[in-house]
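The following note sets out points for a colleague who is examining this model.

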Amino acid sequence: MRYKPYFFILFFLTVLGIQEATAQKKKHYTDTLLLDQVQKESIKYFWDYAETNSKLARERYLTDDPSFEANKVTTGGSGFGLMSLIVGVERGFIPRDEAVSRMTTAMDFLAKADRFHGAWAHWMDGTTGKAISFGKKDDGGDIVETAFLCQGLIAVREYFKEGNDQEKSLATKADNLWKTVEWNWYTNGENAMYWHWSPNFGWEMKFKLEGYNECLITYVLGAASPTHPIPAAAYHEAWARSGAITTDKTQYGIPLVFKYNTVSGNVGPLFWVQYSYLGLDPSKLTDKYANYWELTKNQAKIMYQHAIVNPNKWKGYSEKCWGLTASYSRNADGTTGYSAHDTDNDLGVITPTAALSSFPYTPTESMKFLKYLYNEKKSEYVGIAGPYDAFSPHYNWVTKRYLAIDQGTIAPMIENYRTGLLWKLFMNAPEVKSGLINLGFHSGKYNF
C-alpha cells in the first residue's frame with residue numbers, strides 16, 4: 001500500500017505541532033515562571049478581592065459564596081496585603097499609580113477607624129471602620145494584629161518615600177499611622193506586653209506575650225517606636241522569660257533553639273516563622289538568646305522532615321507534599337473548621353502557605369512543593385487567587401476558600417527569597433534598627 005506525499009507532510013507537521021506544544025508547556029513550568037505565577041496569583045487576593053470600600057484585606061473569601069462576610073476586614077492580614085501589593089508593583093503585576101491610589105484610600109480608612117490607644121481591633125467593618133468582636137472579651141485593641149499591620153505600614157513608607165508627590169503623601173500617611181500606636185499602653189504597667197485591651201473589659205483577657213510564638217515583631221516595633229516605646233526589660237523579662245526561652249531540645253535530630261509554646265514543646269505551626277519575618281530579616285540576626293537564621297530555618301526543616309517520616313501515616317505526605325500551619329481544616333468525621341496544625345496537632349491537612357512562605361529557609365524543599373502544586377495538582381488545588389487555603393490527600397478533600405493571613409505571606413516571603421525586597425525596606429528603616437539595637441540584637445547584614 002502506498003501513501004501519498006501529503007500524508008507524510010501532514011504527519012510531519014502534526015508531530016512538530018505536538019513537540020512545540022510540549023515545549024511551550026515545559027517552558028511555562030520553569031522555576032522562575034512558577035515563582036512569578038504563584039506570586040502574581042496570590043497577590044490577586046488583595047487586588048481583585050479586596051474589601052470594596054476600605055481597599056484593605058477581607059478576612060476570608062469563599063469561592064462558593066463570595067458575599068460571605070464581604071465587609072469584614074482583617075488588621076494583620078491587611079498588613080500582609082500591603083506588603084504583597086509592594087511586590088506586585090515591583091514586579092509589574094499591578095499598576096504603580098493604581099496601587100498608590102488604593103493604598104491611600106486604605107490609609108485614610110485606617111485613620112478614621114476605631115482605635116484603642118492607637119491599636120486597631122483584630123477585625124473591622126470595612127464600611128464603617130467600627131471594631132468587630134473577635135471573641136467575647138476581644139472587642140478592643142489587638143496589639144499583635146496591629147504589629148503585623150505596622151510592619152506593612154513601615155514597608156509602604158520606605159518603598160514610596162522618595163517617589164512623586166502622591167507617593168510621598170502616601171508614605172507620610174503610613175508613617176503617621178504607625179507612630180500613633182501606643183505600644184507602651186499595652187505593657188499594662190509591667191515589664192511585659194499584653195495582647196488585648198478592651199474599653200469594656202480592660203485587661204481581663206490577660207494574654208501575656210511570652211516566647212516563643214508568632215509575636216516577636218510586636219516587641220521589636222514596641223522598642224522601635226519613637227513616640228510610645230516600651231522598655232527593653234519587657235522583651236527580656238516577658239518574651240525571653242529572663243533567659244528561659246532557650247532549649248537544648250531537638251526534633252528529628254534538628255535543634256529547636258527556643259522553647260515553643262506548644263503542649264509538648266515541639267515546634268509550632270509554620271506561621272510562627274513567617275508572620276514576624278515578612279519584614280524582620282532573620283539571616284545574620286542574633287541576640288544573646290539565639291541565632292535567628294538557625295531558629296527559623298530549623299523549624300521549616302523539622303516540618304519538612306515530619307512529612308517524610310509521617311508518623312501518623314497520612315496518605316499523600318512526602319518530600320514534595322508537606323507543610324503544617326494554621327488554616328481551614330478537616331476532621332476524621334468529615335466536619336470542617338479551623339486548626340493550628342503542627343507536629344503535635346497533625347490532622348492530615350496540608351496548607352500551601354506553609355511550604356511556600358518558607359522559601360527563604362527551605363528553597364529546595366519549597367520548590368518541590370511548588371512544582372507538585374502546579375505541575376501535578378493545579379486543577380485541584382489552585383484557584384482564582386492562587387493556591388486554595390488547605391487540602392488533604394488522605395481524605396481527598398480541598399477547601400476552595402482563602403484566608404488573608406495565609407495568602408498574604410506567600411508573595412512577600414517568596415520575594416524575600418528572590419531579592420530580599422521587604423527585608424531591605426523594613427530592616428533599613430532607622431527606627432527599626434534603633435529598636436533592635438535597644439533590645440540587644442546584632443545584624444551582620446545591616447551593620448548594627
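Contact, as used throughout, means heavy atoms within 4.5 Å. The model is a predicted one, in which local features need pLDDT of at least 70 and side-chain atom pairs count only at pLDDT 80 or more, while totals for chains, interfaces and linings use all residues. Residues are numbered from 1 along each chain as its sequence is written, and side-chain values use heavy atoms, with hydrogens and water left out.

1. Tyrosine 212. Leaving out residues up to four places away in sequence, tyrosine 212 touches Trp239, Ile245, Phe258, Lys259, Tyr260, Asn261, Trp272, Val273, Tyr277 and Leu295. Tyrosine 212 is placed in the loop between β6 (196-197) and α7 (216-224); helices (H or I, at least four residues) and strands (E, at least two) are DSSP runs, numbered from the N terminus. The peptide bond that joins glycine 211 to tyrosine 212 is cis, with omega about 5 degrees. Most peptide bonds are trans, and most residues other than glycine have a negative phi.

2. The nonpolar cores. A nonpolar core is a set of buried Ala, Val, Leu, Ile, Met, Phe, Trp, Tyr and Cys residues joined through side-chain atoms within 4.5 Å. Buried means under 20% relative accessible area, exposed over 50%, and partly exposed in between, with a 1.4 Å probe and protein chains only. The largest such core has 141 residues, of which Trp120, Leu153, Trp183, Tyr212, Leu280 and Tyr292 touch the most other members. Helix α5 (residues 143-160) gives the most to this core, namely 12 residues. A second, separate core of 6 residues includes Leu62, Val349, Trp397 and Leu403. In soluble globular proteins, nonpolar side chains tend to be buried together.

3. Serine 392. This residue belongs to strand β14 (residues 390-392). Is serine 392 buried or exposed? With a relative accessible area of 0%, serine 392 is buried. Beyond its neighbours within four places in sequence, serine 392 is in contact with Gly348, Val349 and Trp397. Val349 and Trp397 are among the members of the second core. A polar atom of the serine 392 side chain lies 3.2 Å from the backbone nitrogen of tyrosine 395.

4. Proline 282 and lysine 284. Proline 282 lies in the loop between β8 (254-255) and β9 (285-286), and lysine 284 lies in the loop between β8 and β9 as well. Proline 282 is buried, at a relative accessible area of 0%, whereas lysine 284 counts as exposed at 56%. Proline 282 touches Tyr277, Tyr292, Trp293, Thr296, Tyr361 and Trp423, not counting residues up to four places away in sequence. Its C-alpha atom is separated by 5.0 Å from that of tryptophan 293, a residue 11 places away along the chain. Lysine 284 has a positive phi of about 60 degrees although it is not a glycine.

5. How many cavities of 30 Å³ or more does a search of the whole structure find? The search finds 1. A cavity is a set of points, on a 1 Å grid over the protein atoms alone, where a 1.4 Å probe fits but cannot get out, and lining residues have an atom within 4 Å of a point. The volume of the largest cavity is about 70 Å³, a volume being the space filled by probe spheres set on the points, which are joined across faces, edges and corners. Its lining includes Phe46, Lys55, Leu56, Arg102 and Met103. The elements that give two or more residues to this lining are α3 (75-90) and α4 (96-112), and α3 supplies the largest share, 4 residues. Lysine 55 is found in the loop between α2 (31-47) and β1 (60-62) and counts as partly exposed at 30% relative accessibility. The phi of lysine 55 is near 65 degrees, a positive value in a residue other than glycine.

6. A sheet of 3 strands. An open sheet has the order β2-β3-β4, with antiparallel pairing; two strands pair if DSSP finds at least two bridges between them. β2 (72-74) and β4 (131-132) stand at the edges with a single partner strand each, so one side of each is left without a neighbour in the sheet. The pairing of β2 with strand β3 (residues 123-125) is antiparallel over 3 bridges. Lysine 72 stands opposite aspartate 125 in β3.

7. Threonine 362. This residue is placed in the loop between α10 (352-356) and α11 (363-376). Threonine 362 counts as buried at 0% relative accessibility, and it touches Ala300, Lys301 and Trp322, not counting residues up to four places away in sequence.

Conventions. Polar contact = N/O pair within 3.5 Å; in protein donor to acceptor, adjacent residues only side chain to side chain. 1 Å grid on protein atoms, 1.4 Å probe; cavity = no way out; pocket = protein on both sides within 12 Å on 5 of 7 lines; lining within 4 Å.
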